[in-house]
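User: Hi! I would like a close look at one part of this protein, with some of its surroundings for context. Could you walk me through what you find?

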Amino acid sequence: MQNYVFFDFSPRITWLYPIWNALHATTSKTLRDADSKRDSALGDFAIAVATKLVVLRTVVARFNADYRKALKLATDDAKKIQTNRETDTVWRVPDELIAYELLADIEAFIFEARSTYEILGKFLSTFCKDIFNQILTEEDLKAVLRDGGLDVAWTTLLRDERILFFHYTAPWLALMFNDAEIDSPELLIVRQNVKTLDDPDTFARLADYNRIYSGLANTLDKLQQHILAEIDRYEKSGE
């Protein structure tokens, strides 16, 4: 009897299913032969992508829960925050742990989003090499996205935020208020130890991070379509 037991990981991610189904059902002899000879690394990258997507969703769910708590604290402490704004002082969060939990959530999001992006790239490049006999670089993938009408600026932001917070500094937080609107304040991720937010390069908005998440989701859809179209092209060409 072995002295260990593995956890069962069966990520319920359907993104890969259409790709595998189309490949296993293909009428293309070239693709069938390639599939039968493909390296085992492709399957490893596939399960890694699926696992990472679940981890990323978990991180986002934790952030959303913690952010709701922080906004509730800000609403309850509105009078004190108003005084802080008028006197240029910092808001001492009633539950200090929430602030650090938000920082942990944000850093986890950056690192997991970047990791998911990189492992997705490894899966796609391996798939194209093993199945289509094509060399696919990151720039090739971005070209596919641009040709599909997607904005890829989020990839640069994600790369830069990951480098900044992994190698150089820690993130901090602020709330931005728009007194002309009754909406909740906007969370800012502060990149430097600053006393004012006059320079927009010293912070990112939560909306910027939302674009990273939606950009990755749109990327998954577009690249799935690209692979399925390529399989279809092989079949129609009789290869």
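How exposed is Glu 138, buried, partly exposed or exposed?

Analyst: Happy to take a look! Please keep in mind that this is a predicted model. Glu 138 is partly exposed, because its relative accessible area is 38%, and buried would need a value under 20% while exposed would need one over 50%. As for its place in the fold, Glu 138 belongs to helix 6, which covers residues 138–147.

For contrast, turn to helix 1 (residues 17–24), where Ile 19, Trp 20 and Leu 23 are buried. These three lie on the same side of helix 1, because the arc they cover around the axis is only 95°. The partners against which the buried residues of helix 1 pack are helix 2 (29–37), helix 3, helix 5 and helix 8 (206–237).

Two of those partners also pack against each other: helix 3 (residues 41–76) and helix 5 (residues 96–131) have axes 8 Å apart, at an angle of about 160°. Helix 3 is therefore roughly antiparallel to helix 5, and the crossing of helix 3 past helix 5 is left-handed. Sorted by class, their contact holds 25 nonpolar, three polar and nine charged residues.

Notes: Residues numbered from 1 in each chain as written. Predicted model: local features only at pLDDT ≥ 70, side-chain atom pairs only at ≥ 80, totals over all residues. Heavy atoms only, no water. Axes fitted to C-alpha atoms, helices over the stretch in contact; angles between N-to-C directions. Helix = DSSP H or I, 4+ residues; strand = E, 2+ residues; numbered from the N terminus. Parallel < 35°, antiparallel > 145°, perpendicular 65-115°, else oblique. Left-handed = near helix turned anticlockwise from the far one by under 90°. Nonpolar A, V, L, I, M, F, W, Y, C, P; charged D, E, K, R; others polar. Buried < 20%, exposed > 50% of the residue type's maximum accessible area, 1.4 Å probe, protein only. Arc of directions from axis to C-beta. Contact = heavy atoms within 4.5 Å.
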